[in-house]
Amino acid sequence: MLYSYHHVNYKRSSLRDNLLAIVQGTNTHPTAQELYELLRNHYPGVGLATVYRNLKILVEQGFIVKVEIKGSSERFEARLDRHYHLICESCGSISDIPLQVDQDLDSRVEEVTGCRVIKHEIQFFGLCKNCR
């Protein structure tokens, strides 16, 4: 079976399938390094560069999303809908916030600036339940 995205085909691989399953099975927003550590048990010869390459493919194909936090390693998640995150300033954990994205905010910013807003991303910073 081939994965297909934007006219680019990739051969399916068990490593990529397992990587996707790990990301889909967690809500911790793991880093590539964390995923690499988990995969090494089943794929002893796998390199970190291979994990990064396969994560990039999964992002390009739309199976997972890269979460970028300023000053932090890239994180990955399988939740594809738009949503907000809370980043703990103590332990660095990332939590999904169970609130709908404010669609009106885009139009309000357009009104004030005269610019065309395509989307917005808001990140909240604070202390998670464990660090409080």
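This is a short exchange about how terms are applied to a predicted model.

Modeller: The model is predicted, so local features need pLDDT of at least 70 and side-chain atom pairs count only at pLDDT 80 or more, while totals for chains, interfaces and linings use all residues. Residues are numbered from 1 along each chain as its sequence is written, and side-chain values use heavy atoms, with hydrogens and water left out.

Colleague: Why are H1 and H3 called roughly perpendicular to each other?

Modeller: Helix H1 covers residues 14-24 and helix H3 residues 48-60. They pack at an angle of about 70°, with axes 10 Å apart. Angles of 65 to 115 degrees count as roughly perpendicular, under 35 as roughly parallel, over 145 as roughly antiparallel and the rest as oblique. H1 and H3 are therefore roughly perpendicular.

Colleague: Which residues make the contact between H1 and H3?

Modeller: Contact means heavy atoms within 4.5 Å. H1 brings Leu15, Arg16, Leu19 and Leu20. H3 brings Thr50, Val51, Asn54, Leu55, Ile57 and Leu58. They divide into 7 nonpolar, 2 polar and 1 charged. Ala, Val, Leu, Ile, Met, Phe, Trp, Tyr, Cys and Pro count as nonpolar, Asp, Glu, Lys and Arg as charged, and the others, Gly among them, as polar.

Colleague: What makes His29 buried or exposed?

Modeller: Buried means under 20% relative accessible area, exposed over 50%, and partly exposed in between, with a 1.4 Å probe and protein chains only. His29 has 1% relative accessibility, so His29 counts as buried. His29 is in the loop between H1 and helix H2 (32-40).

Colleague: Which side chains have a polar contact with His29?

Modeller: Glu77, at 2.9 Å, and Asp96, also at 2.9 Å. A polar contact is a pair of N or O atoms within 3.5 Å; within protein, one must be able to donate a hydrogen and the other to accept it, and residues adjacent in sequence count only if both atoms are side-chain atoms.

Colleague: Which residues stand opposite Leu86?

Modeller: Phe124 in E7, and Ser95 as bridge partner in E6.

Technical notes: Axes are lines fitted to C-alpha atoms, for helices over the stretch in contact, and angles run from 0 to 180 degrees between N-to-C directions. Helices (H or I, at least four residues) and strands (E, at least two) are DSSP runs, numbered from the N terminus. Two strands pair if DSSP finds at least two bridges between them.
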